[in-house]
Amino acid sequence: AIALLERSLSIRPEHAGTHNSLGHALKGIGDNEAAILHYNKAVEYSPDNGDNWYGLANGLDDIGAYSEAILAFRKAIEIDPNDDDYWSDLGVTYNNFDDVDQAELCYRIALRISPCDPKVLFNLGTLLCENEQCVEALELLKQSVKIRPENANGHNSIGMAHDCLGNTEEALLHHKKAVELSPNNAYFNENCGLTLMQMDRNEEALVYFHNALRIDPDDPKVQLNIAICLKALDQNDEAAKYFKQVMKSSDEDYRAVAAREMAHSSK
């Protein structure tokens, strides 16, 4: 596809749509810098097309150029203020930029435009959950998963909302569903283990933590949780091995927790 698009541009070098399509194709293979060059060309040749600005904005977001991405999203929205994707993805960029209030505002505008869009429901629900507005978050996430029941991220976020509300049994059901749908996701396995830890089901938690560690062997948080589970099960020698691994981490917070746990164990 890339070769065909490049060939087309050699014939019609000022065709904005082809530049935009080539930008998408290059972005799809991870060549973001080259993609942005073509998105810029698309904007140059057709500045009144919102999708050209939208492509550029997403390309800029991918390389962490959030301020520039926000400006490009705003240009797209000026052209078509009723496109829910423009608003939703602008919200994602604001969230990446750590501007949670603006992210929420954008998601709510997108939801007003398209009340049944599962992506928007998920984005707003997850944002609210992360900010401990868990009752509303849970309702939005349930709606999202009702539309897309095979969305592992949706089940994981529902699990987190239930965790926030203290509904551990319901949380566990959704965390397990997320793992079932995406078994090689370390984060989903870790969240399942954390909920089981809350329920004092440490042997079961270890299964999920070990799965997570198999996927991401150097994660100090998972190493620490394994150590804490083993310690709770009076497997202190094995726990000490994992505490020592955490002590090799560059993360000061995890090292501090591991040091306290090890000191307490030695008393």
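**Reading helices, packing and a disulfide**

Student: Which residues of α13 are buried?

Tutor: In α13, the buried residues are Asn202, Ala205, Leu206, Tyr208, Phe209, Ala212 and Leu213. Buried means under 20% relative accessible area, exposed over 50%, and partly exposed in between, with a 1.4 Å probe and protein chains only. An α-helix has 3.6 residues a turn, so residues three or four places apart point the same way. This is a predicted model, in which local features need pLDDT of at least 70 and side-chain atom pairs count only at pLDDT 80 or more, while totals for chains, interfaces and linings use all residues. Residues are numbered from 1 along each chain as its sequence is written, and side-chain values use heavy atoms, with hydrogens and water left out.

Student: Against which helices do the buried residues of α13 pack?

Tutor: Their partners are α11 (168–181), α12 (186–198), α14 (220–232) and α15 (236–247), where contact means heavy atoms within 4.5 Å. Helix α13 itself covers residues 202–215. From its first C-alpha to its last, α13 reaches 20 Å over 14 residues, close to the 20 Å expected at 1.5 Å a residue. The expected span is 1.5 Å times one less than the number of residues.

Student: How many helices and strands are there in the protein?

Tutor: The protein has 16 helices and zero strands. Both are DSSP runs numbered from the N terminus: helices are H or I of at least four residues, and strands are E of at least two. Along the principal axes, the C-alpha atoms fill a box of roughly 75 × 35 × 30 Å. Of the 267 residues, 46% are buried. Among contacts with a separation of 6 or more, 42% come from residues 24 or more positions apart.

Student: How is the packing of two helices read, and at what angle do α4 and α5 pack?

Tutor: Two packed helices are described by the angle between their axes and the distance between the axes. Axes are lines fitted to C-alpha atoms, for helices over the stretch in contact, and angles run from 0 to 180 degrees between N-to-C directions. Helix α4 (residues 50–62) and helix α5 (residues 66–79) pack at about 165°, with axes 8 Å apart. That makes α4 roughly antiparallel to α5; angles over 145 degrees count as roughly antiparallel, under 35 as roughly parallel, 65 to 115 as roughly perpendicular and the rest as oblique. The contact includes Trp53, Leu56 and Leu60 of α4 and Ala69, Phe73 and Ala76 of α5. The crossing of α4 and α5 is left-handed, meaning that the near helix is turned anticlockwise from the far one by less than a right angle, whereas clockwise would be right-handed.

Student: How many residues of α4 are buried?

Tutor: In α4, 11 of its 13 residues are buried, and the helix is mostly covered. Among them are Trp53, Tyr54, Leu56 and Leu60. These buried residues of α4 pack against α2 (16–28), α3 (32–45), α5 and α6 (84–96). The 13 residues of α4 should span 18 Å at 1.5 Å a residue, and its end C-alpha atoms are 18 Å apart, which agrees.

Student: At what angle do the axes of α11 and α12 cross?

Tutor: The axes of α11 and α12 cross at roughly 155° and come within 9 Å. The two helices are therefore roughly antiparallel to each other. Residues making the contact include Leu172, His175 and Val179 of α11 and Phe188, Cys192 and Leu196 of α12. The crossing of α11 and α12 is left-handed.

Student: Which cysteines does the disulfide join?

Tutor: A disulfide is a pair of cysteine sulfur atoms within 2.5 Å. The structure holds one, joining Cys134 to Cys164 with S to S 2.0 Å. The link is right-handed, with 90° about the S-S bond. Cys134 lies in helix α9 (residues 134–147) and Cys164 in helix α10 (residues 152–165), so the pair ties together parts that are 30 residues apart in sequence. Cys134 is buried at 3% relative accessibility, whereas Cys164 is partly exposed at 37%.

Student: Is Gln102 buried, exposed or partly exposed, and which residues does Gln102 touch?

Tutor: Gln102, found in helix α7 (residues 100–113), is partly exposed, with a relative accessible area of 25%. Not counting residues up to four places away in sequence, Gln102 touches Arg74 and Tyr94. Gln102 and Ile113 are 11 residues apart in sequence and 17 Å apart in space, C-alpha to C-alpha.
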